[in-house]
Amino acid sequence: MTRVVVAATDQALARELQAALGEIPDVDLAYVAASTSELVAAVTREDVDVVLVHEGLGPDPATATMRDLSLRRPATAMLLVSGDTGGDAVAQAVEAGARGVVSYPFSFESLQARFTAAAEWSGQMRRILGAGSGAGTSAEDTGAGRVVAFAGAKGGVGVTTLATHLAMDVVRTVDDVSVCLVDLDLEKGDVTGILELRHRLGVADLAKVADDLSPGTVGDAITRHPSGLDLLLAPLEVRDVEAVTPLALRQVLASLRTMYDLVLVDVGSHVTPAQATVVELAEEVVLVVTTDVAALRGMRRVINAWESLGVRKETEVRLLVNRVNRSSTVSVDTVRQLTRASLVEPSVDAGFRRLEAALNSRDPFEVRDAAWWTTLRAIGADLALVSPGAAGPGRRQARPGRTRRRTGRDAAAQAGAAPASVEGAPEAPAAAPAALPAAAPGGRRRALRGDRGSVSIETIAVLPVVALLVSVAWYVGMFAITSVMQGHASQAAGREYAVTGDEGDAGVAARAAVHGFFASGTDVDASGDRVTVRMDVPFLPAMLPGVPTSLTTDRDVVVEQP
């Protein structure tokens, strides 16, 4: 059964598509989306094989949405429905990750052919990805990085501190997982207030060249912290904020997904087009709230804004309660009763004193309180920031098929950097959550690692797939040529046998009508009024076992009487 999502603002067109798909066997229409936000939510929620997107879908550009979905769901086939099927339209659709263009008004035969090809491609991709990773076909299991957005119910609830410390802790305690922290609080980004950093380029500079992004371009805008954490920071100048448009931000996040295993985004507490874009695209959205009435009102305001924009439902948001004070009149249970969103466990106790030294020195590892890091790792476990699977005692294993990527920085310089150590950093207790393992004894920071051999490893992993595709292409071509040659041979054999009535003469005539391998692989049997021609297909059968290696044709003839 092929599961399908149809996305079209024009309801008449959507009904035509539904009617046409209803005539194709084994099709299950999972959802009909009327906007790009509904489309993203449906494809993210449903396990679908084929998506048909009309070019007029809005409010975001249809091709940009398809490009993002093709990265998040690599095994889902995208088809663009367009009134223009010229070369430029097809090229734009292919660049957006589409498997083809369906012309409108519809021709049922053309729609069925495009749909069938897309469904077969999706099935083949699922088999390949499933065989390669032993997992599902979501972005997290097939090589695309996971995006987690952190937002604040109001200013000052601790979003930047929590997001930064979580990112630093994952980098310190988890091997072979690349992490990027994006400061998207554009007007007052404060990551540089928590970390000692100097930078020239940031997210606004990438947004200005979003149509021509490459790993090198993104790498030039990335700032590397000595701990190994990569950061994409807010603009230095307020006037550059205008460059960070929703469309540009989609392309920037799509590039970051391909370069990092985990992308944490601090989107601030103001509902802006940039924040709404990240909230829509992220796999997980965490809204940080404190136990006071002002924060609870802000929580309701932010959630209502997201729902009215159609980017995230309340039930799809996770709430993280920060600065819990036992003497406060507002408790965690009160917060739980006021929302349909699920709470991240555990909540974070109030305690500025334990963070004061780290904030003043702009070094998170100055926090000596073991309970702080234990709480962060439990939060990370609840949010599943890192895929399950242990690489060894107390360590996390990277996702299958992924290697730690560089981002355009000088790899030699990074490889030569001495690992930083933190004196007095707390050891995690034995009962630390398994999903985010404790730091090694002594609290040593992870040394920066190079990527030597990553290209060779990726090449070796791709070779079987390339060999299979080349074999299939060779066989299809040779099968077609053999079919044509056999037609010539059977026609010549039938004509000769009709005149002479001799099987040997018919075989000679059949082999004379073709050349090379086809002549040596041709056998002719003639008896009565029937001539049978068998011709071998020039192919190595061991490469694709079970495929036909020869073609046979029977031809009725009328033998002329002498």
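**Sheet, helices and loops of a predicted model**

Q: Which strands does helix H3 lie across, and at what angle does H3 run to E4?
A: Helix H3 (residues 62–72) lies across E3, E4 and E5; helices (H or I, at least four residues) and strands (E, at least two) are DSSP runs, numbered from the N terminus. Angles run from 0 to 180 degrees between N-to-C directions, with axes fitted as lines to C-alpha atoms, for helices over the stretch in contact. On that scale, the angle between H3 and E4 is about 170°.

Q: In what order do the five strands of the open sheet stand?
A: This is a predicted model, where local features need pLDDT of at least 70 and side-chain atom pairs pLDDT 80 or more, while totals for chains, interfaces and linings use all residues. Residues are numbered from 1 along each chain as its sequence is written, and side-chain values use heavy atoms, without hydrogens or water. Strands pair if DSSP finds at least two bridges between them. Pairing in this open sheet is parallel, and the order is E2-E1-E3-E4-E5.

Q: Which strands are the edge strands?
A: An edge strand here pairs on one side only. From one strand to the next, the twist averages 25°. The edges are strand E2 (27–33) and E5.

Q: What angle does the direction of helix H1 make with that of E2?
A: Helix H1 (residues 11–22) packs on the sheet and touches E1, E2, E3 and strand E4 (77–82); contact means heavy atoms within 4.5 Å. Its direction and that of E2 make an angle of about 170°.

Q: Why do the buried residues of H18 line one face, and within what arc do they fall?
A: In helix H18 (residues 503–512), the buried residues are Ala 506, Gly 507, Ala 509 and Ala 510; buried means under 20% relative accessible area, exposed over 50%, partly exposed in between (1.4 Å probe, protein chains only). On the other side, Val 508 and Ala 512 are exposed. The arc is that of the directions from the helix axis to the C-beta atoms. Down the axis of H18, the buried residues line one face because they fall within an arc of 165°.

Q: To within what distance of the backbone nitrogen of Gly 504 does a side-chain oxygen of Asp 502 reach?
A: Look at the start of H18 for this pair. The side-chain oxygen of Asp 502 comes to within 3.0 Å.

Q: How far apart in space are Asp 525 and Glu 503, C-alpha to C-alpha?
A: Asp 525 is found in strand E16 (residues 522–527). Leaving aside neighbours within four places in sequence, its contacts are Glu 503, Arg 530, Val 531 and Thr 532. Asp 525 and Glu 503 are 22 residues apart in sequence, and their C-alpha to C-alpha distance is 6.6 Å.

Q: What is the relative accessible area of Asp 176?
A: Asp 176 has a positive phi of about 55° although it is not a glycine. The residue sits in the loop between helix H6 (159–173) and strand E7 (179–183). Asp 176 is partly exposed, at 36%.

Terms used
Polar contact = N/O pair within 3.5 Å; in protein donor to acceptor, adjacent residues only side chain to side chain.
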